[in-house]
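Please look over the sequence and the model shown below before reading the briefing that follows.

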Amino acid sequence: MYEAVHVRPDGESTVARMALTAAEQGYEGLVVRNHGDATADYDAEAITAEYGVDVVDGVEVRAERRSRAAGFVTSHRTRRTVVCVHGGPLNRFAVEDERVDVLAHPMDGGDVNHVLARAAAENGVRIEFDLSRVLRADGGPRVRAIADLRKLRELVAKYDAPHVVSADARGHLQLRAPRELVAVGEVIGLDAEWIREGLREWGRLAARNRERRSDSFIEPGVRRGRYEEDD
């Protein structure tokens, strides 16, 4: 299972500190998804070797306008393994662009309806179930967060849209082990396997995109053979 995190300077902890905690909690990998204006400097291979946690280079695009977001996605798509879009006002843009891997924080200042859920399914854009407000808020905000997640679950299930799950940690103290996220999910009406699948999907996504960026990849289902040469 994988988790997707924000690290220094977008968060409070370094990639190495996050990886150490993630390893202790039983994660196989971390997707580093800092916002595009707060990129982190780290050696993914060295950290992976030291802590045994696969470190995946990602980004979370954040923009006020659709045109700006499209430009950022174009720029990052060839350089990052996982490309997320910070949702809310950009929800529709994200689910309609097949270059986007994950619609992050869809209920953060925005909403998801049947049109967006269907578009996400058609374009293979994973919708994030962000558990951060359930874990770290209380009172009214927490109640609204639970209602949002339940609504999102119904739509995603109805249209068979892909999904990921995250605690959206911005420091190693905010990381939660998979079993803890499963327990939280069950309490608020998201079954255990749904949470596990959402955590696994980050790793599947990273593996798929790494393969697509490899020299042997031509298109889905087609690979360059050992003795083939480029035209």
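Is isoleucine 188 buried or exposed? Isoleucine 188 is buried, at a relative accessible area of 3%, where buried means under 20% relative accessible area and exposed over 50%, with partly exposed in between (1.4 Å probe, protein chains only). This is a predicted model, in which local features need pLDDT of at least 70 and side-chain atom pairs count only at pLDDT 80 or more, while totals for chains, interfaces and linings use all residues. Residues are numbered from 1 along each chain as its sequence is written, and side-chain values use heavy atoms, with hydrogens and water left out.

**Isoleucine 188 and helix α8**
- Isoleucine 188 belongs to helix α8, residues 178-188 (helices are DSSP runs of H or I, at least four residues, and strands runs of E, at least two, numbered from the N terminus).
- Leaving aside neighbours within four places in sequence, isoleucine 188 is in contact (heavy atoms within 4.5 Å) with Leu131, Val134, Ile146, Leu149 and Arg150.
- The buried residues of α8 are Pro178, Leu181, Val182, Val184, Gly185 and Ile188.
- Seen down the axis of α8, these buried residues fall within an arc of 165° (taken from the directions from the helix axis to the C-beta atoms), so they line one face of the helix.
- On the other side of α8, Arg179, Glu186 and Val187 are exposed.

**Aspartate 54**
- Aspartate 54, in strand β3 (residues 54-61), counts as buried at 17% relative accessibility.
- The side chains of aspartate 54 and arginine 210 are joined by a polar contact of 2.8 Å (a pair of N or O atoms within 3.5 Å; within protein, one must be able to donate a hydrogen and the other to accept it, and residues adjacent in sequence count only if both atoms are side-chain atoms).
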